[in-house]
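Work through the exercises below with the sequence and the model side by side. Try each task before reading its solution.

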Amino acid sequence: MHTSKKTLASAGILLAVGLAVSSCASDAAPGAAPDTLVLVTHDSFTLSEGTLAKFTDETGIEVQVQASGDAGQLVNSLVLTKDSPLGDVVFGIDNTFASRAVNEGVLEDYASKDLTDAEEQYLLPAGSGREQLTPIDNGDVCVNVDHEWFTEAGIEEPATLDDLLKPEYKDLFVVPAANSSSPGLAFLLATIAAKGEDGWQDYWAALVDNGVKIDAGWSDAYYVDFSGPSSDGDRPLVVSYASSPPAEVTEGATEAPTGALLDTCFRQTEYAGVIAGTKNRAAAEQLVDFLFSPTVQNDIPENMYVFPVNAEATLPATWAQFAAIADDPFEVAPDEIDANREQWLTEWAAIATP
């Protein structure tokens, strides 16, 4: 969902490098289980050491992980290679790109048989991926604020999208680019939902006039330019996740040094699916089920810093105390995103990078 604060675990996870590693490498004889499955993901996918090895223990099948850029690049790769699939299972398609993946026919019809009514809220609408994509994690993309900076500066913190346009917040805000970052696109969609198709352009022009800095990706925005504890930057407002503040809490602390502005959030869900054309359909379905299982779901928060969706998953103690969820996040329907994404990004780029 965003560039992880941990590196990919090396033991138990084999990174498949380059396009040469594909589902062909794990072809099995008809009716036989393959030796390996290729899991195609975005660059931010990471689990604790040994987590994927538990799938191998259960099935005898090893999982090779092939990273393929951010969520947008991931979907583009699947589309460009659909006649020669990159792997067996994909993880990391989010609700901003789901319709494109479905419409391009890069997925088999399979959603985990273990889904229950408790996960209904995360399922895509019929025809937009409900039959092909299994929800795995969820997070609210929101403006994050450095509490300590504002306290020391004696300036009241903003609370809403409109507040970010006020002169007291000039040159204090940094965002990842919408055309090269998944959370950047999610924040753009939040502004479109808030201001409408005829008003968001003026809002972004006002943000630019108020000195917003636009970085290529989330890592630069959060770790380089943000003033929070994890960075040496000088901007106390950044687009990140509502689940980012727990990662900033030091042992024994009773308060988080950063927080999320819950009136600025766009809800983002990531999914897994079986890649169309896999020769290991049954085993691929098992891997999708495994990603939805408590074994993986309990491992997600402290590795990818997003919420698990399985109702049986448990959250770390710091999350229960410090992680927040927006009551009324901004939303844009997947089919509307699919129909307008490229036009919106073109218009955004003209405003943000004149």
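**Exercise 1: a helix pair**

Helix α5 (residues 182-195) and helix α6 (residues 200-209) have axes that come within 8 Å and cross at roughly 125°. Helices here are DSSP runs of H or I with at least four residues, and strands are runs of E with at least two, numbered from the N terminus. The model is predicted: local features need pLDDT of at least 70, side-chain atom pairs count only at pLDDT 80 or more, and totals for chains, interfaces and linings use all residues. Residues are numbered from 1 along each chain as its sequence is written, and side-chain values use heavy atoms, with hydrogens and water left out.

Task: classify the angle between α5 and α6, then find the residues that meet.

Step 1. Axes are lines fitted to C-alpha atoms, for helices over the stretch in contact, and angles run from 0 to 180 degrees between N-to-C directions. Angles under 35 degrees count as roughly parallel, over 145 as roughly antiparallel, 65 to 115 as roughly perpendicular and the rest as oblique. Therefore α5 and α6 are oblique to each other.

Step 2. With contact taken as heavy atoms within 4.5 Å, Phe187, Leu188, Thr191, Ile192 and Lys195 of α5 meet Trp200, Tyr203, Trp204 and Leu207 of α6. By class, this contact of α5 with α6 has 7 nonpolar, 1 polar and 1 charged residues. Ala, Val, Leu, Ile, Met, Phe, Trp, Tyr, Cys and Pro count as nonpolar, Asp, Glu, Lys and Arg as charged, and the others, Gly among them, as polar.

**Exercise 2: a second pair**

Task: at what angle do α1 and α8 pack, and which residues make the contact?

Step 1. Helix α1 (residues 51-59) packs against helix α8 (residues 281-292) at about 135°, with the axes 11 Å apart. The two helices α1 and α8 are therefore oblique to each other.

Step 2. On the α1 side the contact is made by Thr51, Leu52, Lys54, Phe55, Glu58 and Thr59, and on the α8 side by Ala283, Gln286, Leu287 and Phe290. These residues divide into 5 nonpolar, 3 polar and 2 charged.
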